[in-house]
Amino acid sequence: MTATPQDPGPTAQDPGPAPQDPGPAPQDPAAAPRPAPRPARWWTLLGGDRFAAAAAVVLGLVLTAALLGPVLLGDAAERQDLRASLRPPSLDHGVLGLLGTDVLGRSMLARLIDAAGTTLSVALPAVVCSLVIGSAIGMWAGYHGGLRESAAMRVADVILSFPSLLLAVVALYVFTPSVANLVLILAITRIPVYLRTARAEAAELRSRLFVDAARTFGAGSGATIYRHILPITLPTLLTVATVDFSFVMLTESSLSFLGIGIQPPDVSWGLMVAQGRQYLQTAWWIAVLPGVAIVITTVSATIIAAWARLATDPAQRWRLTAPRARRARANRGETPS
Amino acid sequence: MVTFLRKRVVSSAIPLLFVVFGVFCLARLTGDPVNLYLPLSATPEQRAEFAAANGLDQPVLVQLWDYLGQIARLDFGESLRTGQSAAEMVFAAFPATLQLAAVTMLIAVAGAVLIGCAAAYRPNSPADRVCSFLSMTAASIPDFWFAIMGVLVFGVTLGWLPTSGVTGGAEVWVLPIATLLIRPFGVLVQVVRGAMVAALTAPYTRVARSKGASEKRVVFGHALRNAAMPALTVAGDLAIGLVNGAVVVETIFGWPGIGKLMIDSVLQRDFAVLQAAVLLTAVTIFTLNILIDACYALLDARVRQAAPA
């Protein structure tokens, strides 16, 4: 991503014989003197898009809340107080009463934070599992081609040709709906997405010169895939993973809402909406707030994905680094006249 | 064209077979069907009798053959809840879902083409940015939450629309369709817009303009025809994904369709109905895939000629 700044053309993707870690992590600024012009850091690129910056802040907040929430709030999410039942959101009852209470007098804020942890503990492992397994199989299939490629693609087609919720409904009929089973099912249904992307990229890269060169120098297929194909496909795959994160989160929420996902006493945003449904006429905040949380998180992930698509594409990256005026000029130039 | 379609039918049938065998394995491997159908209090004699009556004491291969025969005769057994034939229940529920899905897809495609073209005509204009942001939000809203908000605002607070049910005029359709529509619509607008932006800057558009074609003809005749391919791919995926939405929408609005039937049978562990519903959905998706492929072939001569295996 941040490597090879000299040539801004499409060939800038070529990582050369020693590719650097292409992940979004910032690299040590003290390592090796940089040639001018300095490559744009990821936070500079993030600053170039105000929407993306806001989305990143939101996602960071959700993540922090999910990680630190249990430590800071203790058992506030389970503490019942029937005298405080169905209190509307107000400033009168301290931080915990800020977003109101549910029918058992439990703090909505504490429950939302608790649910954020559950939701992320399903969505993140599911996305990571499908990303790792799907891209490994996909690159392997695309690099080797032939029978291995068709076999992998057929399996992917079979999984993809059925709606994920249908598969999940059937699978959860058989297995008990627990966090581990949810992760497993969501991961399996999303593997084909990465498999297809990785295969397409690997099949195209297979015939590039630097892959030929690696092969000529005697690199094995595993090493070639890991050192030469993975660094180039990774940005695309990460972008797909960001989009998919929204999708997995929505599927988990839908399943929990339908009663076949997260089960009480655990709490997830989808489950909270389902629980709040019967109080819709008297206490709107119980159903509305968890939904708002889902929308904000998924929209943020989608915006970040759109940004990542620009930031990882050398031909498009100038849109984030160029001064605002120049961008506006370029945008006007694009319009058909 | 016929060769092309025949090849596609064969390759699309593979997933269908997977489902048929998958359902069989599900019924056999996840526990003895005897335990599934009979109550816990059944005596060993009753169990043996049930097993013999349903061929469950036969070898697995014989059972598989019987099972395939039953499917061919559309005999999926009886519902545990109502005692009705599962096939009858599923076929009674199917038209409700189909109507809902067809109306939704029609509105989504027509609306997305219009709005997507309008947004792509002046890329990065304020209207385009608003449209992009709204469609992105629409694609990220959880449908069940959107449905509940609709009920809260239009059903409870304003009292304009019924909160659930199917009896009544056009107003019972509004909330279910709006809920089902929001995600496919948001995604399709984005896809049409993206494809149209690319098509409107392509050389053939410039040629069309320079030969003096009207703007209407340039946009809808030249650019849209070329932008239709990616939109069609996504629309097909979304139509299949409508099953997801249908499950949620039908559960919330009490719509007597196949999605509600499926969730009810999962929650009440009614295997015969679940099996019939899953198989019927699989056949519908199979048919839909063939239709989409046929559309591809109609749109693009290259697909017709180079029919992939």
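## About the model

The structure is a predicted model, in which local features need pLDDT of at least 70 and side-chain atom pairs count only at pLDDT 80 or more, while totals for chains, interfaces and linings use all residues. Residues are numbered from 1 along each chain as its sequence is written, and chains are lettered from A and ligands numbered from 1 in the order in which they are written.

## Where chain A meets chain B

Let's start with the two chains: 37 residues of chain A are in contact with 37 residues of chain B (contact is C-beta atoms, placed from the backbone, within 7 Å). On the chain A side, helices H4 (146–160), H5 (164–174), H8, H10 (285–311) and H12 (324–334) each supply at least two residues (helices are DSSP runs of H or I, at least four residues, numbered from the N terminus). That side divides into 21 nonpolar, 12 polar and 4 charged residues (Ala, Val, Leu, Ile, Met, Phe, Trp, Tyr, Cys and Pro count as nonpolar, Asp, Glu, Lys and Arg as charged, and the others, Gly among them, as polar).

A:Thr298 is a handy residue to look up in helix H10 of chain A. A:Thr298 counts as buried because it has 24 C-beta neighbours inside 10 Å (buried needs 20 or more other C-beta atoms within 10 Å; exposed is 12 or fewer, and partly exposed is in between). Leaving out residues up to four places away in sequence, A:Thr298 touches A:Ser246, A:Met249, A:Leu250 and B:Ser140.

## Helices H8 and H9 of chain A

In chain A, the axes of H8 (residues 221–258) and H9 (residues 269–276) come within 7 Å and cross at roughly 35 degrees (axes are lines fitted to C-alpha atoms over the stretch in contact, with angles from 0 to 180 degrees between N-to-C directions). Residues meeting here include A:Phe257 in H8(A) and A:Trp269 in H9(A). The residues of this contact divide into 6 nonpolar, 4 polar and 1 charged.

## The nonpolar core

The largest nonpolar core has 167 residues (a core is a set of buried Ala, Val, Leu, Ile, Met, Phe, Trp, Tyr and Cys residues joined through C-beta atoms within 7 Å). Helix H10 (residues 215–253) of chain B gives the largest share, 20 residues. Among the members that touch the most others are A:Val169, B:Val90 and B:Ala277.

B:Ala277 touches B:Val90, B:Ile258, B:Leu261, B:Met262 and B:Ser265, not counting residues up to four places away in sequence.

## Annotated spans in chain B

An unreviewed UniProt entry places "transmembrane region" features in chain B, including residues 226–253 and 273–299 (annotations may be inferred rather than shown by experiment). Residues 226–253 of chain B are 100% helix, with end C-alpha atoms 39 Å apart. Residues 273–299 of chain B are also 100% helix, and their end C-alpha atoms lie 39 Å apart.
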